[in-house]
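Have the model open while you read.

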Amino acid sequence: APDTQAPNAVSDLSSSDIQTTSATLTWTAPSDLPSNGAVASYDIRYSTSPITSSNFASATQVTGEPAPSSPGTAQSYVLANLTPGTLYYPALVSRDSAGNTSLLSNSISFITTAILPPPDTTPPLISSVAVSSLTAANATITWTTNELSTHQVEYGLTTSYGSQTIENTTLMTLHTEVLSN
């Protein structure tokens, strides 16, 4: 009699070792019915939207899937060339030698690691420094910077200064500080 039974579906698909452009998928090899032997092949796909049985065919198909192992054996596949900081939904089906396809595996998702920009190590350039409202006890200092920055002014009667304002942690390019005493 011809084989008309689909293989068992993978029910323990999981992801691990998630990197910026790759992730490892693992699952337990399913059995082919009615023989309970190994399946013939895997079809692994992924998408940035949840995968269902109705849209599985339109998800991105991988290449180089592993050869199926004996039922109950751990299997793995590294999804590569992914985009950093992106949510992915992988899924798989298995096929037997008669062409019967299993139901879709369990649904999982993962986010690849984002690439953080390098730290900003260049200090802002200060320009257009001006003094106004100068009195014996106070002075208003204004200046601009070429990028958003915080500010704190050190001042005094000598080059060792001796006084400083409280740091203004608001990021801005137009800065004003009133100096006292």
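A nonpolar core here is a set of buried Ala, Val, Leu, Ile, Met, Phe, Trp, Tyr and Cys residues joined through side-chain atoms within 4.5 Å. Buried means under 20% relative accessible area, exposed over 50% and partly exposed in between, with a 1.4 Å probe and protein chains only. One caveat: this is a predicted model, where local features need pLDDT of at least 70, side-chain atom pairs count only at pLDDT 80 or more, and totals for chains, interfaces and linings use all residues. Residues are numbered from 1 along each chain as its sequence is written, and side-chain values use heavy atoms, with hydrogens and water left out.

So, what's inside? The largest nonpolar core has 18 residues, and Leu25, Trp27, Ile44 and Leu79 have the most contacts inside it. At least two residues of this core come from each of strand 2 (23–28), strand 5 (41–47), strand 7 (74–79) and strand 8 (87–95); strands are DSSP runs (E, at least two residues), numbered from the N terminus. There is also a second, separate core of six residues, with Ala59, Tyr89, Ala91 and Val93 among them.

Not counting residues up to four places away in sequence, Leu79 touches Thr21, Ser22, Ala23, Leu25, Tyr46, Val62, Pro90 and Phe110, where contact means heavy atoms within 4.5 Å.

Now the aromatics. Rings of Phe, Tyr and Trp (its six-membered ring) pair if their centres lie within 6.5 Å; planes under 30 degrees apart count as stacked, over 60 as edge-to-face and the rest as tilted. That rule gives three aromatic pairs. Trp27 and Tyr42 make an edge-to-face one, 5.2 Å centre to centre with 80° between the planes. Trp27 sits in strand 2 and Tyr42 in strand 5, so the pair ties together parts 15 residues apart in sequence. Tyr46, Tyr88 and Phe110 form one aromatic cluster.

| Residue | Relative accessibility |
|---|---|
| Trp27 | 2% |
| Tyr42 | 5% |
| Thr140 | 15% |

Thr140 belongs to strand 11 (residues 138–151).

Which strands form the open sheet, and in what order? Three of them, in the order 1-2-7, with antiparallel pairing; two strands pair if DSSP finds at least two bridges between them. Strand 1 (14–16) and strand 7 are at the edges with a single partner strand each, so one side of each has no neighbour in the sheet. Strands 2 and 7 pair over six bridges, and Thr28 stands opposite Ala74 in strand 7.

How values were computed: Helices (H or I, at least four residues) and strands (E, at least two) are DSSP runs, numbered from the N terminus.
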